[in-house]
Amino acid sequence: MRKLTVLMQTTLDGRISNASGRFWQPFAWGEEETAYLNEAFARADTWAMSRKLYEVVVPYWEEVAAGTSPDTDVQDSPASLEFARLLVAMRKAVLSDTLTDDPLTRREIRAGDAVEHLRELKEQDGAEIVASFGPKTLGPLADSPGLIDEYLLVIHPAVLASGPRLFDHLTRDLALTLASARIFESGAAVMRYRTIETTTSPATAPSSADVPEDTR
């Protein structure tokens, strides 16, 4: 069974964008941070993602890989060029009802039940799977026991007054354990959490009286 890791960038309060769908500024990310995250992509051969994220991310980096991007700062960044190379080589499994397959760019479209599509990908032979989704898509996936193995979250030193939060659409609690943490001088922190499947029911869950006072 292949490992499935959800990778997303969030603010300190868990938002993935502002209300207009754009990243916050300043965006604490540079050469060192990109090189570190490239290690996660190098272990994977598939990137599963929602249509919106695909349309925002992939065409831009395909231009970088082709050397046609007008963004000279990115074209001068070795880590960014390496990320572009990794992205182009990966299989892109896109959850969409409107896009079509594109073998030339390794884009494969999955329509319908996202949970079943991710389970099918995990059961196939291959390297690890990176997955990136907004909250509406992530909710049902995170609710499915055993589907997501890890969360690799890039937490930025920013708080937004409004905008979608990554875990807005969960219907059950998640139990996680910290596997690794890396803090950069920019203020960004990359946190890797493994999922823990629990059998605790609401009737046996601890009450607030059972929680140490200094952690409430």
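1. A crossing of two helices is called left-handed if the near helix is turned anticlockwise from the far one by less than a right angle. In this predicted model, the crossing of helices α1 and α4 is left-handed in that sense. Helix α1 spans residues 31–42, and its axis lies 8 Å from that of α4, with an angle of about 25° between the two. Because angles under 35 degrees count as roughly parallel, α1 and α4 are taken as roughly parallel to each other. On the α1 side the residues that meet α4 are Glu31, Thr34, Ala35, Asn38, Phe41 and Ala42, and on the α4 side they are Pro78, Ala79, Ser80, Glu82, Phe83 and Leu86.

2. Helix α4, residues 78–89, also packs against helix α2, residues 51–66, and here the angle is about 115° while the axes are again 8 Å apart. These two helices are therefore roughly perpendicular to each other, and α2 passes α4 in a left-handed crossing. The contact draws on Val57, Val58, Trp61, Glu62, Val64 and Ala65 from α2, and on Ser80, Leu81, Phe83, Ala84, Leu87 and Val88 from α4.

3. Is Phe83 buried or exposed? With a relative accessible area of 9%, Phe83 is buried. When neighbours within four places in sequence are left aside, Phe83 is in contact with Thr34, Asn38, Phe41, Trp47 and Trp61. The C-alpha atoms of Phe83 and Leu37 are separated by 8.7 Å, although the two residues are 46 residues apart along the chain.

4. Helix α5, residues 114–123, has Ala114, Val115, His117, Leu118, Leu121 and Lys122 as its buried residues. Why do they lie on the same side of α5? They cover an arc of only 165° around the axis, which puts them on the same side of the helix. The elements that these buried residues pack against are the strands β1 (4–11), β2 (44–50), β3 (91–95), β4 (107–110) and β5 (128–132), together with helix α6 (135–143). At the start of α5, a side-chain oxygen of Asp113 comes to within 2.9 Å of the backbone nitrogen of Val115.

5. Ser50 lies in strand β2 and, at 10% relative accessibility, counts as buried. Not counting residues up to four places away in sequence, Ser50 touches Val94, Leu95, Ser132, Phe133, Gly134 and Thr137. Ile109, for its part, is found in strand β4 and is buried, with a relative accessible area of 16%. Leaving aside neighbours within four places in sequence, Ile109 is in contact with Val94, Ser96, Leu99, Thr100 and Asp101. Between the C-alpha atoms of Ile109 and Phe41, which are 68 residues apart along the chain, the separation is 20 Å.

6. Strand β8, residues 189–196, contains Arg192. This arginine might be looked at with care: Arg192 has a relative accessible area of 12% and is buried, the cut-off for that term being under 20%. Which side chain makes a polar contact with the side chain of Arg192? The partner is the side chain of Glu150, at 2.4 Å. Residues up to four places away in sequence apart, Arg192 touches Lys3, Thr5, Ala40, Arg43, Glu150, Tyr151, Leu152, Thr177, Leu178, Ala179 and Ser180.

7. The peptide bond that joins Gln25 and Pro26 is cis, with omega about 0°, and Pro26 is found in the loop between β1 and α1. The place of Arg106 is the loop between β3 and β4, where Arg106 counts as partly exposed at 39% relative accessibility.

Note on methods. Residues numbered from 1 in each chain as written. Predicted model: local features only at pLDDT ≥ 70, side-chain atom pairs only at ≥ 80, totals over all residues. Heavy atoms only, no water. Buried < 20%, exposed > 50% of the residue type's maximum accessible area, 1.4 Å probe, protein only. Helix = DSSP H or I, 4+ residues; strand = E, 2+ residues; numbered from the N terminus. Arc of directions from axis to C-beta. Contact = heavy atoms within 4.5 Å. Polar contact = N/O pair within 3.5 Å; in protein donor to acceptor, adjacent residues only side chain to side chain. Axes fitted to C-alpha atoms, helices over the stretch in contact; angles between N-to-C directions. Parallel < 35°, antiparallel > 145°, perpendicular 65-115°, else oblique.
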